[in-house]
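These entries record what I looked up in the structure shown here. I worked through the sheet, the nonpolar cores and the salt bridges in turn.

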Amino acid sequence: MVQWLAARGALTTFVGRSAETKRVDALLATEGTRLVTLTGPGGVGKTLALHVVSTRRGYAPAVLVSLGEIADPELVDGTILEVIGGCQVPGQPPIDAAIECLRDREALLILDSCEHLLPAVVPSVQKVLLSCPRLQLLVTSREPLGLLCEVVYPVPPLSASTPENLDGDGQVLSEAAQLFVERGRQAGVDIRPGGEVLGLVDEIVAGVEGIPLAIELAAARTRVLTLDDIAGALGDHLRLLVGGPRAAERRHQTMRASIDWSHVLLAEEEKTLLRRLSVFSGGWTLTAAERVCADDALPDSRILDLLAALVDKSLVIAESESPSVRFRMLTPTQQFASEQLSQAGESQILAGRHCTYYTGLAEQADRELWFLHEAGRARLDQESANLRSAVDWAREAHHGDAVRITAALGMYWRLRGRLSEGIAALESALASTDPDPTADRALALAMLATLMFWQGNVVGSAKVVPEAIAVAVNANATRAHAHALVRLGNATLLTDPRAAQPMLAQAAESAAIAADPIALADALAASTMVYYERGEYAHMEEAAQRAIDVSQAIGYDIPLRWCLWAQTSSALIHGDLSTATRLAQRAYNMPGSKEPFTRACIAEVLSLCYTLRGDPATGKQRALDELKRARRAGVRIGMGMLIHAIARAELASNHLGLARAWARQLLDREGHGVGYLQWRAEEILLSCALAIGNFTDAQACVEGIEEVARNMGSERAHTVAQYGRAWIAMAKHELRSAEELAHAALATSMSHGWWIDAIPCCELLTAASAARGRYERAARLIAGIDNARAEHGYPRSVREQRLWEGLIEEIIQSLPVSQFISVSTEGASMSLTDLAEHLQRGRGRRRRPNHGWEGLTPVELQVAELAAKGLANPQIAQQLFMARSTVKAHLAHVYAKLQVANRTALAARFFSHPTPNQPSHSPFHTRSPRPKRP
């Protein structure tokens, strides 16, 4: 019999299955193993049993008994006896005669295709095992035999992804792709996988889920269809997958016949559950099956047993990779079952139940904040196909559940970075349902505005927000109102942070009333950005800490990342580059959400850290890598942030043309309407223009920065414009004007601790000192500035270093060596504060006194003026964007320096002193015309 199995050979080559062959062979070789059953759905390739036998060497003889074509259970025993060649004594049962032939033999008996004959096969197998101790059995069936000694091996589909071989062209092919190509060639079509062809082959074999029979049937279609046609027809497997070999058994000639073979063996309850399960997409849980499929005719108490039976019969697959077992059907089986559901007239009823269940699941996820935790996100990931299916059915039925589901999933889509999917679902749900003002509709509109904003579609978000607010107010939907106000504040702060603050304060109040920590954390994080945009970093730190406290309490990482972004940027500005890098790296490496806008912004500031620390090549590469992701996600403002970082890196590398091109792209496209990006693009263009001596363009850039500074109320942007004007004046040899502007910018920078802005001011004043022939002073400043840069790890760019070395050479040539060494040693011991004070003394100015109007800082002057005019602390705090406690502290300093006891005395002192250096003369309150850029 061994000779017969080996001689018969195979009409087709056996492809793949090396791992499965080894596994089955190992099971058979295990001591004590008597019965191995290969199970799986129709067409999955259980006949690998024959391949196992053909590859075994030095083992017992093998006997194959094929039962696929036998319909009568009474014929099972006789068929076994006939194949083994035994003789039957009159009156002796066939199985007893077979046992007589096998009793003392060491052999492997293969019973192929037993599922339809199990009532007859099981007792015969049990009897053979008890009577033939040296015999092993290898059985193939769509369900196990259920015997105690049985070892069940579920045969998996062919791998559609794991590379196992290389074809002649060097292309990597999966097992499934190998089978498709081989069977296509046997059908007379020479498939040469490479490039697009390989992609189509992979799509086809993945579409049929690696089922060998389905792959072979699809390959047979290559005689009349192109690969594109086959891939496009995969939505109807049962119509496509026909035309198997005429010599094959009927159940192997079409996928429909293969599945129907199993279907006819089911009990009525099993058939009912099978067709109802087809309503699920991408799998389901036991709970979902009980909620959706059960009714009076099929009680939920029966679902578990029936589901287990369908798993045993290989019509349903049970997967336990996740914390709970999930079930699914192979695509051809699901399509077959869906046809049965439609024929039973149950499609709409089951779709409605399915939608109700998944609406509840989405709302539970929203209520319990699943999207904040990986386990919750993973569960929603698993149910994504079902959720999409529920939304589609509700939308087509114009059912309100479409709005409920999409509103509940808004934050999940945001944190998963699936912004386009969420926007499309929300828009279609809102368009297909009743426009009556309800809390669900208000929340859906707020979520739509949210996803649009984080995708960078600020204009689209701004169009949706008013409707969201109106519906929320009409429906008394406080939660939706809070989310919509946050988005309004987000959009407003990009151009007018002052106007955004009251919106965000109201949003935080509404979020607190609605007990929505997500909206509250978002509002607080946005307030942090308001202070950042205005350059009020002390107040930014206070707001950031509040946002961090709320966010950490619930594990919400997006506000945490934004606060870290702001704190990183603040650390950069204040000269603490090591802290900035540490914070940026921490934010970038945070696990959790994949929200692309936040990730892009964190990558921007991390890139800036590398560039400012003297490694612009790494800074550029980090930003370029992230820019690819941001473009795929379509987040426009995020792309703008990264373009800014790239332009800064190119500028630091002295690649002026590239820096100018990136900055121009940023200004013309991505930075439109975003103040942060506008003035930073102008700042880079200013540096490029100064480097080539184009003072007209440089002047236009300064005017652009000042315009943004006025619109945003940003003192820091104004300071940058000031020292930009100073450098223009210096380049034109207008020393007096350059010094005045640089001193003003330096004073503001030092009062706020803006180290990164103070340095260029000091360097400009050093160059001015040298230009005036004050070489000793310049040498002292050079040493102090070099020391400060070294201490903070802040090297100059390539172009800056060349200019600086030229300045040093000029000074060395103008001073005796001993004098240069002496003053350099003195300067090297000076801190940045010492340098600034030294420069101010050089102007003949005194240190600020401890009392009187001259003793007040610029911020204290602002607080004093507003308090004298009758504003209460909360009003001052709102107008100056600071905490009430900060206002109180400033007032205490004012009272002490002016020696007054209260507001009344302060007002009297203020109005009796007509010319204090009052902040009403702020440059933000005047606007000069901006020259047109050529």
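Predicted model: local features only at pLDDT ≥ 70, side-chain atom pairs only at ≥ 80, totals over all residues.

Strand pairs. I looked up S1 (residues 35–39) and S4 (residues 135–141), which run parallel and are joined by five bridges. Within this pair, I located Leu35 opposite Leu137 of S4. S2 pairs with S3 in the parallel sense, also through five bridges, and I found Asp112 of S3 as the bridge partner of Ser66. I then asked how many residues of S2 are buried. The count is four of its five, and S2 is mostly covered.

Nonpolar cores. I listed 213 residues in the largest nonpolar core, where Leu277, Trp284 and Trp565 touch the most other members. Helix H22 (residues 439–454) contributes the most to this core, with twelve residues. I also recorded a second, separate core of 32 residues, with Ala97, Cys114, Val121 and Leu147 among them. Leaving out residues up to four places away in sequence, I found that Trp284 touches residues including Leu277, Phe327 and Met329.

Salt bridges. My count came to 44 salt bridges. Lys127 pairs with Asp96, with 2.7 Å between the closest N and O atoms. Since Lys127 is in helix H6 and Asp96 in helix H5 (residues 94–102), I noted that the pair ties together parts 31 residues apart in sequence.

I next examined Arg416 and Glu374, whose side chains meet in a salt bridge at 3.2 Å, N to O. Arg416 lies in helix H20 (residues 401–416) and Glu374 in helix H18 (residues 374–382), 42 residues apart. Is Arg416 buried or exposed? Arg416 counts as buried, at 9% relative accessibility, whereas Glu374 is partly exposed, at 44% relative accessible area.

For Arg599 and Glu626 I noted a salt bridge with the closest N and O atoms 2.6 Å apart. This pair links helix H30 (residues 596–612) and helix H31 (residues 616–633).

Technical notes. Residues numbered from 1 in each chain as written. Heavy atoms only, no water. Core = buried A, V, L, I, M, F, W, Y, C linked by side-chain atoms within 4.5 Å. Buried < 20%, exposed > 50% of the residue type's maximum accessible area, 1.4 Å probe, protein only. Helix = DSSP H or I, 4+ residues; strand = E, 2+ residues; numbered from the N terminus. Contact = heavy atoms within 4.5 Å. Pairing = 2+ DSSP bridges. Salt bridge = Lys/Arg side-chain N within 4 Å of Asp/Glu carboxyl O.
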